[in-house]
Amino acid sequence: MTKQNDLVVQDNFLSNDLLSLLTQITLQYDFFWAWNSVLPQEDFLPNEKYNRQLVHWFYPQNGTYKDYFEVFKIISDQLGVKELIRMKLNCNYPTDKIIEHGFHIDTSEDSKTSIFYLNTNNGYTKFEDSGEIVKSVENRMITFHSSKRHSGSTCTDQYNRLVLNINWK
């Protein structure tokens, strides 16, 4: 685990068995994905046609679909979450060149944001204050204060970029 500028990076966050289970769940045919914007249009920097992604909301639960919250909750339990604000899985499409989505915060609450990378690709998370880039590496967890403006990106080298976002106290 490395800590820089209130950013904690933890590689090999989950056991290989649990990581394999989560990957298997997200890629199965009946896993529910909903169409969603990456960011509100006023925060999204690139061309509007790229402001799209698939999402699966774990908490708060929105929709009547097969829910895997209890399985994915293992991740928030391992973080030591006392109060869950939001947990959702994002599936970003690949693009011909890497596109940064735009700097934003996930919540204005005094809390933490954690991002768990389910697959390795050449996408990343970038932080506005330091310019630091954290690469998307399978089984990596990053945690930082929710007031820290950050941007996700697309990838060019894989079929998708899968990240689990957790906002918590």
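**View 1. The side chain of arginine 161 reaches the backbone oxygen of tyrosine 124 at 3.1 Å.** This is a predicted model: local features need pLDDT of at least 70, side-chain atom pairs count only at pLDDT 80 or more, and totals for chains, interfaces and linings use all residues. Residues are numbered from 1 along each chain as its sequence is written, and side-chain values use heavy atoms, with hydrogens and water left out. Arginine 161 sits in strand 11. Strands (E, at least two residues) and helices (H or I, at least four) are DSSP runs, numbered from the N terminus. A polar contact of 3.4 Å also links the side chains of arginine 161 and threonine 125. A polar contact is a pair of N or O atoms within 3.5 Å; within protein, one must be able to donate a hydrogen and the other to accept it, and residues adjacent in sequence count only if both atoms are side-chain atoms. Which side chain of opposite charge is nearest to arginine 161? That is aspartate 157, 8.7 Å away. Arginine 161 is buried yet has no salt bridge. Buried means under 20% relative accessible area, exposed over 50%, and partly exposed in between (1.4 Å probe, protein chains only). A salt bridge needs a side-chain nitrogen of Lys or Arg within 4 Å of a carboxyl oxygen of Asp or Glu. For charge, Lys and Arg count as positive and Asp and Glu as negative; His and the chain ends are not counted.

**View 2. The protein has two helices and eleven strands.** Along the sequence, the pattern reads β-β-α-β-β-α-β-β-β-β-β-β-β. Buried residues make up 50% of the 169 residues. Of the contacts with a separation of 6 or more, 74% come from residues 24 or more positions apart. Contact means heavy atoms within 4.5 Å. The accessible surface comes to about 8700 Å², and 48% of that surface belongs to carbon and sulfur atoms. Such areas come from the Shrake-Rupley method with a 1.4 Å probe; for residues, only the protein chains shown count as cover.

**View 3. The largest nonpolar core holds 26 residues.** A nonpolar core is a set of buried Ala, Val, Leu, Ile, Met, Phe, Trp, Tyr and Cys residues joined through side-chain atoms within 4.5 Å. Which members touch the most others? They are Phe58, Phe72, Ile75, Phe116, Leu164 and Ile166. Helix 1 (16-26), strand 4 (53-59), helix 2 (69-79), strand 5 (84-92) and strand 11 (161-168) each give two or more residues to this core. Apart from this core lies another, of nine residues, among them Val9, Tyr117, Val134 and Phe144. Look next at leucine 164.

**View 4. Arginine 140 is found in strand 9.** Arginine 140 is buried because its relative accessible area is 14%. Its side chain makes a polar contact of 2.6 Å with the side chain of aspartate 11. Beyond four places in sequence, arginine 140 touches Val9, Gln10, Asp11, Ile115, Phe116, Tyr117, Val134 and Lys135. Arginine 140 and valine 163 are 23 residues apart in sequence, and their C-alpha atoms are 9.8 Å apart in space.

**View 5. Threonine 107 lies in the loop between strand 5 and strand 6 (112-117).** Is threonine 107 buried or exposed? Threonine 107 counts as buried because its relative accessibility is 14%. Its side chain reaches the backbone nitrogen of glutamate 109 at 3.2 Å. Leaving out residues up to four places away in sequence, threonine 107 touches Ile85, Ser146 and Asn167. Threonine 107 and isoleucine 85 are 22 residues apart in sequence and 8.7 Å apart in space, C-alpha to C-alpha.

**View 6. Histidine 56 belongs to strand 4.** With 0% relative accessibility, histidine 56 counts as buried. A polar atom of its side chain lies 2.6 Å from the backbone oxygen of phenylalanine 32.

View 7. Most residues other than glycine have a negative phi, and most peptide bonds are trans. Asparagine 12 has a positive phi of about 55°. It sits in the loop between strand 2 (7-10) and helix 1. Asparagine 12 is exposed, at 61% relative accessible area. Asparagine 139 has a positive phi of about 70°. Its place is the loop between strand 8 (133-135) and strand 9 (140-145). Asparagine 139 is buried, at 2% relative accessibility. Tyrosine 59 and proline 60 are joined by a cis peptide bond, with omega about -10°. Proline 60 lies in the loop between strand 4 and helix 2.
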